[in-house]
Structure formats: structure tokens, C-alpha cells
Amino acid sequence: MKSCLVVDDSRVVRKVARRIAEELGFSCEEAEDGQKAYESCQASMPDVIMLDWNMPVMSGIEFLEKLRQMENGDHPKVVFCTTENDMAHIQRAIMAGANEYIMKPFDRDIVESKFVQAGILEQTVS
Amino acid sequence: MKLQDFDVYKDLLMKKSGLVITQDKSYLLDSRLTPVAKKWNFANLDAMSVALRGIPDQGLVRDIVEAMTTNETSFFRDQKPFDQFKQTILPHMLKARASVRKVRVWCAASSSGQEPYSLSMLVKENQALMPGWSVEFLATDLSEDILAQARGGLYSQFEVQRGLPINLLMKYFRQEGEKWRISEDIRKMVKYETFNLLDPMTRLGKFDVIFCRNVLIYFDEPTKRRVLEGMAALLPPDGFLFLGGAETVFGITERFKPMENTRGVYILSGGAHDRAPASAVAQPVGR
Ligand SMILES: C[S@@+](CC[C@H](N)C(=O)[O-])C[C@H]1O[C@@H](n2cnc3c(N)ncnc32)[C@H](O)[C@@H]1O
């Protein structure tokens, strides 16, 4: 089973994202900020990371920059999931090595579609 | 809704758009036509039904037909057909049309434009392989309102996140307030026209590829047959037809057959690919 790390400082958002990822067939871990996510990746590198931008302690973008320096840190596909919805943020995220970008609010359809785009999931015929 | 009234709408929709509406869907008439009745200043649906029994205003008829269409669509819907377009159809055309360097594609029920724009972006992304080529997209729909949206190329945040990879959003869209506008480069690749699939098609000219996805499902069998056979007449022997995931030619017409090793792609029976499959000769083009 592929693994997904859900990184968000909101417990509610983590719960929603986790449920969607589980429905899509992933086993999930959660982290409430970039630092915790970093530690989680040190312990075990996930296949996918759903990543919020604004979080206390360490932001999503800082975490992403660190992650990509880690050993095996280019393995996870990183999908930003954030309320930052302007081109400047999107560009910055992609430059830092994000694979996809979701602008909140999201639903299952959007996550599924983005996972397919990032090559994490196979397209199912609707 | 009264049964006699239901029949008025059922007949009108069948005649004007081919839409089959069954009694169990009559609630849809209520929910979607009540706003139309209001717009045309009828006290209620009953009053509008009475008017329809006379000689109704054509504008009213149009509004009713448009209110009953389903415009659901998304960028790169189902993904696979677009992969096949890139991996099989484009390489075939690159060879077969090398002398004219021109390909014509028809999106026959284009709704708000996501389908033709997805194809245009795909062509644009592969432009290096086809210098000096012209790929023309004609996109048609019955609904003028939806075509106005398509022409504008302005999409909500929700719409640009369904099926559209982020790199294409960055490359081909520009933010306008809460919305996203597709670039002029892509927009000018597509020509939009109002067209009813029940009308004679020959005036549209010939096409190398036709996308007719997720519209035949609303029609009855004779209508499906008529549309498919009309399309067969517009394609050259090596042309391609794309249907939606829930649509098929089986039991409807023998003019087309499914292309081997694909889904939703159809070729002409007895045509060029029937004799020598395109999938075997075509080399995939890079992503
Ligand atoms: C569900 S959308 C399909 C959009 C797109 N092809 C896709 O697959 O995503 C169906 C479209 O068919 C159009 N339509 C329905 N009846 C039609 C007819 N008789 N002639 C032309 N278009 C029609 C509707 O207006 C609607 O935009």
C-alpha cells in the first residue's frame, strides 16, 4: 500500500484530507507543522505528501526545500493544498520542487484528479 | 406536473435537441424549467405549458432546450482519450498529412470549452514536432449560452483544478480576480459555432478527427445512428472518432468499429486503419 503524509495545522483539514487519501487507497500519517513533517520523513519517507503552506514552527515551503535536500527526499510526490491561490505562490511552490498544487477548498474529485496528474494514481474511467 | 404537460415537453425536447426524457425524470423539468417560466413572466409552469401548445416564441423554446441540457465537463476529462490523441492520432496525422501539414478536428458537443482547449494545449505542447502545421479546432454546441462561456475562456478555481495539470495552468492561464482566463494563444486555436447535431452536418466541411463525447447518451437509438452516420460521412478513410466512456457504436451502426488497444476511439469499418491498424505503425510522441 502506498503511503501519504498529511501536513496541516488544522485538525479538521487533516481529517478531511486523510479520509480522501484513505479512500483513494493510501495509508496515512499526519503532521501538524513542517518540523513534525520533517521528523516523520526522517523516520520513514512517504510516497505522497499533502502539504499546507502556512503553519507555525515551519511553513510548508520551508519544509519542502529541506525535504528535497534529504536523502531519498526526491521520492515523495508533493501536492500543496493551500488557501494561497495566486500565481506567485504557485510558481514558487513548483520552483521549490512541488509536483502539484491544490487551491483550497478541495474535494475528493480535485484530489483524485491532481493525484492522477502527478502520476500517483491511475485514472479511473468516470 | 400533469401527464399531458409532460408530453408537451417530452416532444419538444426530442424534436429540438434529441434529448430523451422519461417520466421518472419529470422532476428535472420542474426544477430546471421553473426559472425559465419566471424569466418569461409566466405565473407558473402550467401557464408556460399552455403557451407551448400554441405557437410559442422561438426564444422561449430555445431557453427551455438549453435549460435541459447537461453541460458537465472538465479539462482532460477521463485523461485516456487525450493520451491516445497524443500517442496515436497525432503521430499518425504527422505522417499521413505531411504533404498538406493541416489537420482539422471537430469537438461536436464542446460545452464550456474544456475539451477543445485541452486538445489545443496538447497540440501547443507538441508544437516542436509539427513546425508550420495548422491544427484547426471547430467546437460546436447547441447551447449559445455555454458557447459564450467557452469563447470567453474564463474558468473558476474549481474548474481549473479538475483535470488540468498545474504546469499547464501556469503556462496557459492568467489570473483575473477569483477566476482564471485561458491565454489568447490557445483561445485563437479554437473556432466556436452554434450547431445542433440533429441538423445536416455537411456544411461543416470535412474533419480528420471528431470528438463526440458524452452527448449521445442523451439520445435515443435512431438519433444516435443518424448522428454517427452523419459523422462517418465527414471523415476520410483514416479518420478517427472519439466517444465518451459510456457510449458505444455496438448495436447502433456498423460504419464504425472500436480501434484495437484503445478505449473510446473508433475507426471507419473498411477504412485505412481497419486494414492496417494505426496503433501498430504509430510511434508515441514524447510528453
Ligand atoms: C455533458 S456535455 C459534454 C461536453 C464534453 N464533450 C465532454 O465530454 O466533457 C454535453 C453537451 O452536449 C450539448 N448538446 C446536447 N444536445 C445537443 C444537440 N442536439 N446538438 C448539439 N449539442 C448538444 C449540451 O449543450 C452540452 O453542452
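A residue is called buried when its relative accessible area is under 20%, exposed when over 50%, and partly exposed in between, using a 1.4 Å probe and protein chains only. The model is predicted, so local features need pLDDT of at least 70 and side-chain atom pairs count only at pLDDT 80 or more, while totals for chains, interfaces and linings use all residues. Residues are numbered from 1 along each chain as its sequence is written, chains are lettered from A and ligands numbered from 1 in the order in which they are written, and side-chain values use heavy atoms, with hydrogens and water left out.

Asn196(B) is buried, at a relative accessible area of 16%, and contacts (heavy atoms within 4.5 Å) Lys16(B), Ser17(B) and Leu142(B), when residues up to four places away in sequence are not counted.

No disulfide, that is, a pair of cysteine sulfur atoms within 2.5 Å, is found over all chains. Cys4(A) is accordingly in none, its nearest cysteine sulfur being that of Cys28(A); for Cys107(B), the closest cysteine sulfur, in Cys212(B), is too far for a bond.

| Cysteine | Relative accessible area | Nearest cysteine sulfur |
|---|---|---|
| Cys4(A) | 1% | Cys28(A), 4.6 Å |
| Cys107(B) | 0% | Cys212(B), 10 Å |

Turning to chain B as a whole, 52% of its 287 residues count as buried, and its C-alpha atoms fill a box of roughly 60 × 50 × 30 Å along the principal axes. Among contacts in chain B between residues at least 6 apart in sequence, 74% join residues at least 24 apart.
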